[in-house]
Amino acid sequence: MSRGPRLGLNIDHVATIRNARGGLHPDPVRAALLAAEAGVDGITAHLREDRRHIRDEDLRALMETLGLPLNLELAATPEMLDIALRHRREERTTEGGLQVVGQVAKLKPMIGELSAAGIRVSLFIEPEIAQLDAAIEAGAPVVELHTGAYAEAEYGPPRAAQLQRLITAAEHCAKIGLECHAGHGLTFDNVKPVAAIPTVAELNIGHFLIGEAVFSGLVPVLKEMRRLMEEARV
């Protein structure tokens, strides 16, 4: 059995629950450490400009305690560029698929500065050939394909069409030298067709896993997702 793509857990939603009440509980760093013990390959944290879930102190704590790769999802702004350079892990731009086409001149210097600092840059984009070609032009080594349209599509031909978009985009990534990741809206019910795409190296999943953990516990949920991803590559 093939191990399948890497699994990254987005811990933003643990912070969302904490911030709804205030205080320190539940602690997203504790969730990250528990996920590491359960065998995930990386942790994703999205520091938004309004700090509505992950906060600066969460990033500091993650840097101090986490042994796994930390993927920082940040907007392409000077403030967030500075934060990424200070934390020196991995930068992801996000929010419904970054529009790289038409913004290469803006993004290329940012990506160059991050890359020069030893930070591996990934752009969260729609599964479109033009966006992938623009990502290469901007100097990004990695993209994460936005799987939201696939996840939200009705079963049958609409979902099949969205899956084909992802397959075509992932194949194009391989042709032009981009490492391909994917994520957004993936669940137990829809993950296997995406995990089966051979050129997808990593899936990043958060909302579903944290929500399901309320009922079943985080470790069993992560292990079940891993099992499904591995089965997809048999």
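Helix α2 (residues 28-38) packs with helix α3 (residues 56-65) at an angle of about 30 degrees, and their axes lie 9 Å apart. The model is a predicted one, in which local features need pLDDT of at least 70, side-chain atom pairs count only at pLDDT 80 or more, and totals for chains, interfaces and linings use all residues. Residues are numbered from 1 along each chain as its sequence is written, and side-chain values use heavy atoms, with hydrogens and water left out. Helices (H or I, at least four residues) and strands (E, at least two) are DSSP runs, numbered from the N terminus.

Two packed helices are described by the angle between their axes and the distance between the axes. Axes here are lines fitted to C-alpha atoms, for helices over the stretch in contact, and angles run from 0 to 180 degrees between N-to-C directions. At that angle, α2 and α3 are therefore roughly parallel to each other (angles under 35 degrees count as roughly parallel, over 145 as roughly antiparallel, 65 to 115 as roughly perpendicular and the rest as oblique). On the α2 side, P28, V29, A32 and L33 meet D58, A61, L62 and T65 of α3, where contact means heavy atoms within 4.5 Å.

A second pair is helix α6 (residues 129-138) with helix α8 (residues 157-176), packed at an angle of about 25 degrees with axes 10 Å apart. So α6 and α8 are also roughly parallel to each other, and α6 passes α8 in a right-handed crossing. I129, L132, D133 and I136 of α6 make this contact with T168, A169, H172, C173 and I176 of α8.

In helix α1 (residues 12-21), the buried residues are D12, V14, A15 and R18 (buried means under 20% relative accessible area, exposed over 50%, partly exposed in between, with a 1.4 Å probe and protein chains only). They cover an arc of only 155 degrees around the axis, which puts them on the same side of α1; the arc is that of the directions from the helix axis to the C-beta atoms. These buried residues pack against β1 (6-10), α2, β2 (42-46), α3 and α10 (207-216). A20 and R21 sit exposed on the other side of α1.

Helix α5 (residues 104-116) has 13 residues and reaches 18 Å from its first C-alpha to its last, close to the 18 Å expected at 1.5 Å a residue (1.5 Å times one less than the number of residues). V104, L107, M110, I111 and L114 are buried in α5. Down the axis of α5, the buried residues fall within an arc of 135 degrees, so they line one face of the helix. The face turned away from that buried side carries the exposed residues A105, P109 and A116.

Finally, the backbone. Most residues other than glycine have a negative phi, and most peptide bonds are trans. In the loop between α1 and α2 is P26, joined to H25 by a cis peptide bond with omega of about -5 degrees. R51, in the loop between β2 and α3, is not a glycine, yet its phi is positive, near 55 degrees. H184, in the loop between β7 (179-183) and α9 (191-195), is another non-glycine with a positive phi, about 120 degrees.

Conventions:
A crossing is left-handed if the near helix is turned anticlockwise from the far one by less than a right angle, and right-handed if clockwise.
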